[in-house]
Amino acid sequence: MAIQSMYQPASLAEAVGYLTKNPQAVVIAGGTLAIPLINDGISMPEQLLNLSKIGLSYVKKMPDSLIIGACTPLSKLIAECDIPMLCQAASNIGAWQIRNMGTAAGNLFAPPPSGDLGVALLALGASVKLTGPKGSRTVALQDFFTGYLANLLAPDELVEEIIVPRPKGKCAFIKYGRRKHNTPAIVSVAVNAAPDGFKIALGAAGDYPLRAKKAEAALSGSLNDAAIEKAAALAAEESSPFTDAIATEEYRRLMVREFVKRALNQIAGKEN
């Protein structure tokens with residue numbers, strides 16, 4: 001059945017109220033994920049909830065964090081963000097048309113091999129603020145993803161903000177694709193050499209962006225060649241890549257190892 005109605009609330013509270021009464025509604029902001037599926041007849045929702053006017057398009061620069069409104073267009077995030085790795089990841093998403101419409105929170109719902117922003121956010125230790133009729137709660141992004149196109153968001157909740165701690169160490173982000181620009185990832189890797197330990201995030205290496213925790217644990221000492229090799233090998237082992245039209249599972253696993261190694265070498269100052 002074709003779309004019968006589209007509701008465009010003027011506030012977050014109004015949006016939550018509508019979603020509580022209409023949990024089957026498809027939520028859009030930029031619409032870059034949902035609208036192509038609707039146009040192609042793959043998704044056929046009766047109701048759309050359009051969040052583009054609820055006032056969640058902002059980037060707040062706090063002393064210890066960056067707070068990103070859920071409906072912030074990627075192009076606005078790139079222009080106002082002062083965390084270089086996050087800017088780099090956002091700049092690698094689609095073409096400029098997509099970045100002008102696609103939103104920061106919307107990209108969290110993009111299935112692999114898309115969703116590059118989530119990889120950088122994971123490495124930075126980001127959290128998401130979720131708001132529903134019972135109030136708000138904040139969950140770590142590493143706990144938010146639960147499976148392929150699955151997450152902790154309740155049917156009557158919306159993502160309100162993304163909270164990104166400012167990194168206190170060196171960071172590196174590498175996206176490897178078939179082309180230099182406007183390309184889905186074969187793999188993407190983000191590394192944050194935080195004082196409390198390394199954070200390594202992988203994209204297109206599983207059903208959702210994931211942390212390579214065994215690889216992180218292998219980097220407790222010096223970042224020498226042996227430690228880098230071991231961490232890269234462990235990251236490949238604990239990844240769960242897939243085969244699609246872009247790359248095979250085997251190739252992706254090899255590239256996880258290669259690009260974790262490259263990212264760690266960047267952190268160590270051994271590679272530009």
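This is a predicted model: local features need pLDDT of at least 70, side-chain atom pairs count only at pLDDT 80 or more; totals for chains, interfaces and linings use all residues.
Student: What makes the phi of Ala 204 worth a remark?

Tutor: Phi of Ala 204 is positive, about 60°, and the residue is not a glycine.

Student: Is Ala 204 called buried or exposed, and why?

Tutor: Its relative accessibility is 4%. Buried means under 20%, so Ala 204 counts as buried.

Student: Where does Leu 149 lie, and what is its phi?

Tutor: Leu 149 is in the loop between strand S8 (145–147) and strand S9 (150–151). Its phi is near 55°, again a positive value in a residue other than glycine.

Student: Is Leu 149 buried or exposed, and how do you know?

Tutor: Take the value first: 56% relative accessibility. The cut-off for exposed is over 50%, so Leu 149 counts as exposed.

Student: Lys 199 is in strand S13. Is Lys 199 buried or exposed, and why?

Tutor: Relative accessibility of Lys 199 is 16%. That is under the 20% cut-off, so Lys 199 counts as buried. Leaving aside neighbours within four places in sequence, its contacts include Leu 122, Ala 123, Val 191, Arg 211 and Glu 216. Contact here means heavy atoms within 4.5 Å.

Student: What makes S6 and S7 a pair, and what do they form?

Tutor: Strand S6 (residues 127–132) and strand S7 (residues 135–140) share six bridges, antiparallel. At least two are needed, so the pairing stands. Val 128 is bridged to Val 139 in S7. S6 and S7 form a hairpin, with two residues between them.

Student: What makes the S1-S3-S2 sheet open, and how are its strands paired?

Tutor: The sheet has three strands in parallel pairing. Strand S1 (5–7) and strand S2 (26–28) are its edges, each pairing on one side only. From one strand to the next, the twist averages 25°. S2 and strand S3 (residues 47–50) pair over three bridges, and Ile 28 stands opposite Asn 50 in S3. Helix H1 (residues 12–21) packs on this sheet, touching S1, S2 and S3. The direction of H1 makes about 160° with that of S3.

Student: How do you know that Cys 87 is in no disulfide?

Tutor: Compare distances. The nearest cysteine sulfur, that of Cys 81, is 3.1 Å away. A disulfide needs sulfur atoms within 2.5 Å, so Cys 87 is in none. By this rule the count is zero disulfides. For Cys 171, the nearest cysteine sulfur is also that of Cys 81, at 11 Å.

Student: What are Cys 87 and Cys 171 called by accessibility, and why?

Tutor: Cys 87 has 14% relative accessibility and counts as buried. Cys 171 has 28%.

Student: What joins Pro 112 and Pro 113?

Tutor: A cis peptide bond, with omega about 10°. Pro 113 is in the loop between helix H6 (104–107) and H7.

Student: How is the packing of H10 and H11 described?

Tutor: Packed helices are described by the angle and the distance between their axes. Helix H10 (residues 225–238) and helix H11 (residues 249–267) pack at about 145°, axes 8 Å apart. H10 passes H11 in a right-handed crossing. Residues in the contact include Ile 228 and Ala 232 of H10, and Val 256 and Leu 264 of H11. By class, the contact has nine nonpolar, one polar and five charged residues.

Notes:
Residues are numbered from 1 along each chain as its sequence is written. Side-chain values use heavy atoms; hydrogens and water are left out. Axes are lines fitted to C-alpha atoms, for helices over the stretch in contact, and angles run from 0 to 180 degrees between N-to-C directions. Helices (H or I, at least four residues) and strands (E, at least two) are DSSP runs, numbered from the N terminus. A crossing is left-handed if the near helix is turned anticlockwise from the far one by less than a right angle, and right-handed if clockwise. Ala, Val, Leu, Ile, Met, Phe, Trp, Tyr, Cys and Pro count as nonpolar, Asp, Glu, Lys and Arg as charged, and the others, Gly among them, as polar. Buried means under 20% relative accessible area, exposed over 50%, partly exposed in between (1.4 Å probe, protein chains only).
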